[in-house]
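Please walk me through this model in the viewer, one selection at a time. I would like to know what to pick and what is found there.

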Amino acid sequence: MKTDQFILTQTKYLLHFFSFIVLAQLLLTVSLKHYEYLSIIAVGAVITGCLHYMLSRNFMLTFLIPIIISTSHFYLISLFLIDHKLIFIYFLLLPIILAVLFKHTVLSLSLLLITTIECIVLFRNVQLSVQPMNNASLLIFITVIIGMLVLLLITFKMRSTELSILFKDQLPESTSTSGYLDLFFEHTQDAIAVFSIDQKVLAVNPAFEELYQWKKAECLGKRIQLYHPSEEENVVHRIQFLLEGRHFKNLRTKEIRKDGTMFEAATTLAPILDKNNNVIAISVIVRDMTERIQAERIKMEAIKLNAIGEMAASVAHEVRNPMTSINGFVQMMNNDPSNPYRAFTEIMENEIKRINLIANEFLILSKPNIKERKQLDVEHLIMEVISHLEHEIISNDINCNIYLAEYQTTIIGNEESLKQVFINLIRNAIDAHTNKGSITFINTISNDTLRITVKDTGAGFHQETFDQLFTPFFTTKDGAAGLGLVISKKIILDHDGTIEINERAKQGAEIIITLPISSFSKQDYTYPTTR
């Protein structure tokens, strides 16, 4: 198995010697005033410059060796077409030999086939010259031969070095220590990268490419920023400590992908030392903690909601008992025609109703689990809720649409509780509109979950209120208890789902609910896809 650094070194050697041949031929052609070769050699020089630029950018690094070998073939055949000397035919063996040495089987076979066809065509259509070569031809021939010999020596040296590393003590790669390390590096699920002491990338594994979205060829030999700008000061201090031989284990860090998105990670940093204990490189192992952190957050929220629910249940029972007696006496007073304080007692009755409503919400919040569960078609349930609230929707000049998922799905849940969630969301959306607008349900299936996106064209949420939207008793509406979203979240969590608010919604509010699918059917729907 070739390392990235070995491929890079191989490519550099090959390109440098190809450049040497072209440059030597260019100087000799000009000095000896044999300008018939000048155009082809000049084109070869330009192509060589382009290849050097690609190598400096690590562009298509894996394919550079085949490109260089193929270019050398066409370069040599072009020289032959200018001076039809038989000796130039032998030059065409050079690219084939190189392809074999670098173990590019497909390329070597392709070049062999192409060269054979070219030789057949040339022998039939071109009159070859077997006369002695002039000085320019001789010098060009010599430079190619010398370059070929030096290149072969270097290549064999590099090949022996590679074999000594990968097959140490005559052991197969899969059973040697280095072989196991290579397999671990390639197949581990954690992202691993090796940096030089000047912070250039020396090697990355496939997990790194997947996590950070950087391709190996794009980042090798370069300095790339993988951390959030807020981490810069900490990163500088860590590098100083690493260069002193210290290491860091499972640091919580904020990392940046190639596209600019951020994720939280557990990062382990360690210096790589040589035999003299000098730091020669830095290893970085990164594990994406996004899912784990999200699971911890959901768990903590569930614990918090359960604690609030228990407290709410106690308060609700203590409040409802005396309120029942007070409400009875107030109703008696309101039914008394001679009551001189009717205006006040009617206000009292309305406030008592509001207290009872809040107490009922407390009781809903206090339910630890939803015990009565059955198979439910959530999309059909949403349309029932829309029909139930149809008068409120129409009277506020709201247009309500629902786009169904690709397949009909069912979940295991409590019908009344889920209805309560969608009633809360629709009423919140209605209250967010000052004039006509729309409420849209978009349902999709993703990874065995039903994703329900609820959008409206109302006023939306203010940026400073996002962190408090699921906080008990927080509300932006006059007269509201501030428990609607809290109750909705608890119900969704009890159904093993999630509920989130999209902070990047361009217009209005956008709430995303996910629920685990119990089963789905590919049969046609019996109800319309929009309402």
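Select β1 (191–196), α9 (206–212) and β5 (279–288): in this predicted model, each of these elements supplies at least two residues of the lining of the second largest cavity. Colour β1 separately, as β1 gives the most to that lining, with 3 residues.

Next, show the side chains of the lining itself. By class, the lining of the second largest cavity divides into 8 nonpolar, no polar and no charged residues. The space they line has a volume of about 30 Å³. How many cavities of 30 Å³ or more does a search of the whole structure find? The search finds 2.

Now move to the helix pair. Select α14 (residues 378–388) and α16 (residues 415–431), which pack with their axes 10 Å apart and at an angle of about 55 degrees. That angle makes α14 oblique to α16.

- on α14, V378, L381, I382, E384, V385, I386 and H388;
- on α16, E415, L418, K419, F422, I423 and I426.

The two sets meet each other. Colour them by class: the contact of α14 with α16 divides into 9 nonpolar, 1 polar and 3 charged residues.

Terms used:
Residues are numbered from 1 along each chain as its sequence is written. This is a predicted model: local features need pLDDT of at least 70, side-chain atom pairs count only at pLDDT 80 or more; totals for chains, interfaces and linings use all residues. Side-chain values use heavy atoms; hydrogens and water are left out. Axes are lines fitted to C-alpha atoms, for helices over the stretch in contact, and angles run from 0 to 180 degrees between N-to-C directions. Helices (H or I, at least four residues) and strands (E, at least two) are DSSP runs, numbered from the N terminus. Angles under 35 degrees count as roughly parallel, over 145 as roughly antiparallel, 65 to 115 as roughly perpendicular and the rest as oblique. Contact means heavy atoms within 4.5 Å. Ala, Val, Leu, Ile, Met, Phe, Trp, Tyr, Cys and Pro count as nonpolar, Asp, Glu, Lys and Arg as charged, and the others, Gly among them, as polar. On a 1 Å grid over the protein atoms alone, a cavity is a set of points where a 1.4 Å probe fits but cannot get out, and a pocket is an open set with protein on both sides within 12 Å along at least five of seven lines; lining residues have an atom within 4 Å of a point. Grid points are joined across faces, edges and corners, and a volume is the space filled by probe spheres set on the points.
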